[in-house]
Every structure is written in C-alpha cells, then in structure tokens.
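Good morning, and thank you for the time. Please take a look at the structure now on the screen, and I shall then go through it.

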Amino acid sequence: MKKRLLILVLAGLLCLGVRPEAKAAAGYSDVPEGHWASESIARATELGLFQGVGGGRFGLGQPISRSAFASALVRMFGWEEVRPAEPSYTDVEKGRWYYSAVETLLANGAVAASGQEFRPNDDLTREEMASMLVRGLGYTSSLAETAASYGVPFQDISVNRGFITMAHDLGLMNGKDSGGFDPDAPATREQAAAVLVRVHDQLSEPSVRLSAAGNYKLITIATPMAQEGEKMPMTPLEPLGELYATLRRMKNNGEDMSQYALRLMAGGVRTLTDSGGNLVGGSELISAREVQEALAGKDVDTFYSEQYQSAFCIYAPNAYQTAYVWYQSEKSMEAKLQLARLFGVTRYVLE
C-alpha cells in the first residue's frame, strides 16, 4: 500500500512538472550524488581547504576567484602567514580578508612577482592555476623551461607552457575532452578542489628510506664531474632537471613507479682551482663526514642553487687553492624526494 502511494505521489509531481530533488552529496545541497567531484569536494571540505558559498551550497560550477584560490593554496601547503606593513599590490588592501593569503602566496614564490595588481576578484584561469600550483611546489621557471623543451602536450597554450607541461606530467591537471588544455577558461570551484586534494594526497605520502634496495629497482641520476683541463663546471648532486627528465620518461613508458627507489648521494663532490682559476686535477667524491668537516672550517661561504636544488660551499683549503663542494643538504634532499613522490616513487636509498 505504501509503495503504491509513493508511486502515485511521484506520478503526481511529474504531472505538475515538479521533479524530485537529486540527493545531495559532500554535505552540500548543490552537489548531487554521483557527481565526478563529489568525493574531492567532501575531502577538500574535511581538510579545511574549502568552505561553501552559504546556504548549505558549495557553489558547484561557479568560477573560483584568484583570491579564493590563493587562500585555499596557502591552507593546503600550510605556509606560515605573511602580513607585511605595506601591501605588495595596489589592488590588495590590508583590510581585505584575502590580504594575508595573497602576501603569503607571493612570499612563497607561488606568483612570479608583485607587479602592480593581483586582480583578486578576477576568475582564476586554468593556466593560472597550473602556474600557481607548480610554483607553489617550489619549482622555478628554469625547470619549467626544461619541461617545455621535452614537448608540450597541448597545442592551445602559449603562456606558461612549461608550468602547464609540468602540471600535466605530475598528474595534477589534465586536458579537456577536445584534446586541448583551454588555458584561458575559468577554473571552477570543483576543479580547484579536485586538484588541491590530488596535490595534498601526493605530498602527504611519506618518503621511506631503505637500508638497501632489495627488490626495488634503483633510479640513479649521474652527478656531473670535472675532468682535468676543462673549464670550471657546475657539479650539483642529482641535478633536478635530469631527475625530472628521467622520471617523466619512465612514467610515459608505462613503468610501475611503485617498484622503484631513488638513489641519492649522501656526501658531495669537491673540485679545486688554483689562484688563476684553473682546475687542479678533476672532481673527487667525498663522504658525508668530509662534507661536514669542510662546512665546520673557517671562512666557509655556503650557498643554495634553486635551479639545481643543490647546496654548495666555497672555501680556501690553503693559500694557493679554492675548493668548491656541492653536497647533499636536507633541503636539497627533500626537493628531490618531493619530485619523486609526485611521480609515484616513495622509496629512496642514501649512499
């Protein structure tokens, strides 16, 4: 009887042109169950990356503003709040709710430069989302240029080609069904939620150090070494560009990245020059202990190359020579491990 009554009620509603409302998902009335982004929206809300637009609604299908994405990006990366005394942009006033988020985004390199305007209320484009994501991960324009040189996967991009290529290679953003990227199209709130959850999950996967490779296949990136008679070379450990190229090639070849471990050098590479700047012999590998001894010496200048994601120091071992040592720092190691995690490699060996 109850079933027959329900059928009659539904039939009556259809006759009147009233359709029963789709069951909501993710805690929002405008996110129907079965929607492709419902799980990502629920996760993004649970992680505190997103809130609704009010009235129990998420704002499904609505474009996300540049300021709203800036706020979500800062929360996702967990960056410490930056609130300078004077604004960096003419259109981002101190009293605005997004002031700190925009300034924090700039301080962490997720936007290229301050310029004149941030355009906080403009819709975020797909190209801008890719650029902010990759920059926020700490990858500079030099690595993006390297990525673009391997072949851009979309024919409809002309700006930030390298950053879009990296966002695609890392599995953060995909193209449209048409085969293009549609870089100037506004990014919707659900697209932003899906991308940020994807990045969060990839970064949250821990990197596990192995005492030995065991059954894992090793990924070894050659470190440049100077040869006697050559000009003074750069000898960064596991250069980031070469690591990226190797991981990208493996992924495109369909390799099971979970079966690989990244081999990292624990020590460093030392190169000597004489008072005239000429090489003294070739480069030599030194142990982690020797690196620490060099760093503990007097008048040692330390540096960090963002381009190569490698640390180096310069000092004078005697009155006639200068030593250049590229070594593995905690920062350089984490940068390489993060890149490996983004490609699905979560194991490493430090030798």
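The buried residues of helix 7 pack against helix 5 (126-136), helix 6 (141-149) and helix 9 (240-252). Buried here means under 20% relative accessible area with a 1.4 Å probe, protein chains only, and contact means heavy atoms within 4.5 Å. Helices are DSSP runs of H or I with at least four residues, strands are runs of E with at least two, and both are numbered from the N terminus.

This is a predicted model, in which local features need pLDDT of at least 70, side-chain atom pairs count only at pLDDT 80 or more, and totals for chains, interfaces and linings use all residues. Residues are numbered from 1 along each chain as its sequence is written, and side-chain values use heavy atoms, with hydrogens and water left out.

Which residues of helix 7 are buried? They are Gly 162, Phe 163, Ile 164, Thr 165, Met 166, Ala 167 and Asp 169. Helix 7 covers residues 161-169, and because seven of its nine residues are buried, it is largely enclosed by the rest of the structure. After helix 7 comes Gly 171, with a positive phi near 75°.

Turning to the whole protein, there are 11 helices and 11 strands. Its radius of gyration, taken over C-alpha atoms, is 26 Å. The C-alpha trace spans about 95 × 55 × 35 Å along its principal axes. Of the 351 residues, 45% count as buried.

Notes. The radius of gyration is taken over C-alpha atoms; the globule rule is 2.2 Å times the number of residues to the power 0.38. Buried means under 20% relative accessible area, exposed over 50%, partly exposed in between (1.4 Å probe, protein chains only).
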